[in-house]
Amino acid sequence: MAAPQDVHVRICNQEIVKFDLEVKALIQDIRDCSGPLSELTELNTKVKEKFQQLKQRIQDLEQSAREQDKESEKQLLLQEVENHKKQMLSNQTSWRKANLTCKLAIDNLEKAELLQGGDSLRQRKTTKESLAQTSSSITESLMGISRMMSQQVQQSEEAMQTLVSSSRTLLDANEEFKSMSGTIQLGRKLITKYNRRELTDKLLIFLALALFLATVLYIVKKRLFPFL
């Protein structure tokens, strides 16, 4: 099992390597930075924080080296500490050079923008005129669309009124149809009743005629054949 002191030394070395790589990455970001100054300031703040963390870890490793029991291990760790310090100094030099390069690039860019300022003003003026013309054209188009929509709304209202009128006409026709249907039903009932009454009258006439004929035959029979 590894001693706690060895574990601490290993953790210090790992974090020193990590912070060193992060510092190098930030320095490269500064080299690639083309402005504005606020972005450069933000990158430099991050670099300072990483340098402080790196310096603290190197001091922790140096303290651990001085606490080693074996002289050989102590000297080996102190040599690693010295190498880390040299690497940190090299990173600081690269950091200063990267800042100079970035600031020079930003200055050149600002000068170029100042030289192109006149052209930019003319371009902005032309752009404003073009935008004004475009805005006027859009306004006219919107007014035309508004008029068309108004006409369509009016046509829709007229069509709605026509539909309402047609609906009322259909309702009136339906009421008349219902009234006519009732009249037809009543007429049909009357005709049926009349037909039944006619049949009854015919039957009564037939029975009366039969009774009359029977009476006549009875009288004739009594007169002609009294003995029967």
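Visitor: Which residues does the UniProt annotation "transmembrane region" cover?
Guide: Happy to start there, with the note that this is a predicted model, where local features need pLDDT of at least 70, side-chain atom pairs count only at pLDDT 80 or more, and totals for chains, interfaces and linings use all residues. Residues are numbered from 1 along each chain as its sequence is written, and side-chain values use heavy atoms, with hydrogens and water left out. UniProt positions follow the numbering used here, feature names are shortened, and annotations may be inferred rather than shown by experiment. The "transmembrane region" comes from an unreviewed entry and covers residues 203–220.

Visitor: Over residues 203–220, how far apart are the end C-alpha atoms?
Guide: Helices (H or I, at least four residues) and strands (E, at least two) are DSSP runs, numbered from the N terminus. By that assignment, residues 203–220 are 100% helix and 0% strand.

Visitor: Which element of the protein has the lowest mean pLDDT?
Guide: pLDDT is the predictor's confidence in each residue, from 0 to 100. The protein averages 81, and 76% of the residues score at least 70. Where pLDDT is low, the predicted coordinates should not be read in detail. Helix α2 has the highest mean, 94, while the lowest, 72, belongs to helix α4 (residues 117–224).

Visitor: In what order do the elements of the protein run from the N terminus on?
Guide: The secondary structure comes to four helices and zero strands. Read from the N terminus, the order is α-α-α-α.

Visitor: What distance does helix α3 reach from its first C-alpha to its last?
Guide: The expected span of a helix is 1.5 Å times one less than its number of residues. Helix α3 (residues 71–115) has 45 residues, and 66 Å is expected. The model comes close to that, with a reach of 66 Å.

Visitor: Is Ile16 buried or exposed?
Guide: Ile16 is found in helix α1 (residues 4–32). Leaving out residues up to four places away in sequence, Ile16 touches Leu54, Arg57, Ile58, Leu61 and His84, where contact means heavy atoms within 4.5 Å. The cut-offs for relative accessible area are under 20% for buried, over 50% for exposed and partly exposed in between (1.4 Å probe, protein chains only). Because its relative accessible area is 3%, Ile16 is buried.

Visitor: How many disulfides does the structure hold?
Guide: A disulfide is a pair of cysteine sulfur atoms within 2.5 Å. Cys33 is in no disulfide, and the nearest cysteine sulfur, that of Cys102, is 3.9 Å away. Cys33 counts as buried at 5% relative accessibility, and Cys102 does so at 0%. The number of disulfides in the structure is zero.

Visitor: What percentage of the residues in the protein is buried?
Guide: In α2, the buried residues include Leu54, Ile58 and Leu61. In α3, Leu77, His84 and Cys102 are among them. For the 228 residues of the protein, the buried share is 16%.
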